[in-house]
Amino acid sequence: MAGAFVLLFAAIAAVCFLPSPAAAQGCKSQNLGSNRVFASCSDLPQLSASIHWTYDRAAGNLSIAFVAPPAAEGGWVAWAINPTGTGMVGSQTLATFRGADGRMVVKTYDIKGYGPLEESKIAFETADLAAEYVGGTMRMFGTVKVGKEMTVVNQVWQVGESVTAGVPDKHAFNQDNMNSKGTLDLILGVSSGSGDSGTRKRNIHGILNAVSWGILLPTGAIFARYLKTFQSADPAWFYLHVSCQLIGYIVGVAGWGTGLNLGSKSKGVQHTTHRNIGITLFALGTLQVFALFLRPNKDHKYRFYWNIYHYLVGYTVIILGIINVFKGLKILGTDQKWTTAYIIVICILGGIALLLEAITWMIVLRRKSRNTKSNSNAI
């Protein structure tokens, strides 16, 4: 049963994470005007954005057109070169949004940290900065003097949903927002986004934890709770239970490890509740594994207390695991169908548990009835 759910969940995952063909406009089909023609263009992998550029190496000038829809009608879009790193900090940024008079403005920001933005000069000279808002998409133009030697640049792009007092407000921290960075080869005319790798790692983290804490452990609990009622299933239920829980724990530790790795690479991004629940799951899961080796015999005087501990910790892990899967799905910002798929799996497991619960009580009551009749006949 556990294997079937894992295969079902993995199959649904493969479908849910397929990219949408309409995720971004094709940059080659975008008409930026007869006086704005660029040598190269690339559809960026996140935020439905694209970049057009022409590099004049002799002059060291990079002319760009950045095209992206803002996160909301009154929002903003930004594109940046980071000469010192690959993330937001250090980015020499061009941002555009509607000014107080309703006209599009382009401002520059030297982003030195994660605090509020302040308009400032950037490390590169700029010229011909302009922007327009057409059909729900913002187009930002400009020339940046990058020099003759900088033929490959680290690019970062972003969108936000609001502007306050002429300053772009903080952007969302969804999967696409966190992965909107890559490189731009000015000579070869090639743009690459690091989002594919980051997305893959987050998807692996999510699937490992959903399958382990969210599916295998509840399935193992079902084996222990209901199969042992059937005398013919003894001791098979025990080995099924232990196997399911151990595999779930091992896969869960792998998922926990990928989460730590992702956290270490996401400076300034905090998912405190999700992280704390994950640490708690790892601690309680490890405790359960070690407690298995201290399991008293059935007739031991401490077996009753060990059972209470085992049940309480076990069900706590299952509940926290399911909660954290939903929190993780929200953080990933995946389509609703992904969350719906997990809800379906949990509902199936819950339905099986309810059915087996009814069958278990019928068997227990029937046995008690037979035992009562046997005692009466003996008297």
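Reader: How many salt bridges does the count come to?
Author: This is a predicted model, in which local features need pLDDT of at least 70 and side-chain atom pairs count only at pLDDT 80 or more, while totals for chains, interfaces and linings use all residues. Residues are numbered from 1 along each chain as its sequence is written, and side-chain values use heavy atoms, with hydrogens and water left out. A salt bridge is a side-chain nitrogen of Lys or Arg within 4 Å of a carboxyl oxygen of Asp or Glu. By this rule, the number of salt bridges is four.

Reader: How many residues apart are Arg36 and Glu132?
Author: Arg36 and Glu132 form a salt bridge through their side chains, at 3.8 Å from N to O. Arg36 lies in the loop between α1 (2–16) and β1 (40–43), and Glu132 in strand β7. Such helices (H or I, at least four residues) and strands (E, at least two) are DSSP runs, numbered from the N terminus. The pair therefore links distant parts of the chain, with a separation of 96 residues.

Reader: Which describes Arg139, buried or exposed?
Author: Arg139 also meets Glu132 in a salt bridge, at 3.1 Å from N to O. Buried means under 20% relative accessible area, exposed over 50%, and partly exposed in between (1.4 Å probe, protein chains only). Glu132, at 24%, is partly exposed, and so is Arg36, at 27%. Arg139 has a relative accessible area of 16%, so it counts as buried.

Reader: In which helices do Glu357 and Arg225 lie?
Author: The side chains of Glu357 and Arg225 form a salt bridge at 2.8 Å, N to O. The two residues are 132 apart in sequence, so the pair ties together separate parts of the chain: Glu357 is in helix α7 (residues 336–378) and Arg225 in helix α3 (residues 195–226).

Reader: Which residues do salt bridges that share partners join into one network?
Author: Side chains of opposite charge can pair when their charged atoms come close. Arg225 is partly exposed, with a relative accessible area of 37%. The network made by shared partners consists of Arg36, Glu132 and Arg139.

Reader: Which residue in the turn between β7 and β8 has a positive phi?
Author: Two strands pair if DSSP finds at least two bridges between them. β7 (residues 125–134) and β8 (residues 137–145) run antiparallel and are joined by eight bridges, with Glu125 opposite Lys145 in β8. They form a hairpin with two residues between the strands, and the residue with a positive phi of about 55° is Gly135.

Reader: Which residue of β8 is the bridge partner of Leu62?
Author: β3 is antiparallel to β2 over seven bridges, where Asp56 faces Asn61 in β3. β3 also pairs with β8, antiparallel over eight bridges. There, Leu62 has as its bridge partner Val144.

Reader: How many of the eight residues of β3 are buried?
Author: Nonpolar side chains tend to be buried together in soluble globular proteins. β3 is largely enclosed by the rest of the structure, because the number of its eight residues that are buried is six.

Reader: What percentage of the residues of the protein chain count as buried?
Author: The protein chain has seven helices and 13 strands. Its accessible surface is about 20,400 Å², with 61% belonging to carbon and sulfur atoms. Of its 379 residues, the buried share is 40%.

How values were computed:
Accessible areas come from the Shrake-Rupley method with a 1.4 Å probe; for residues, only the protein chains shown count as cover.
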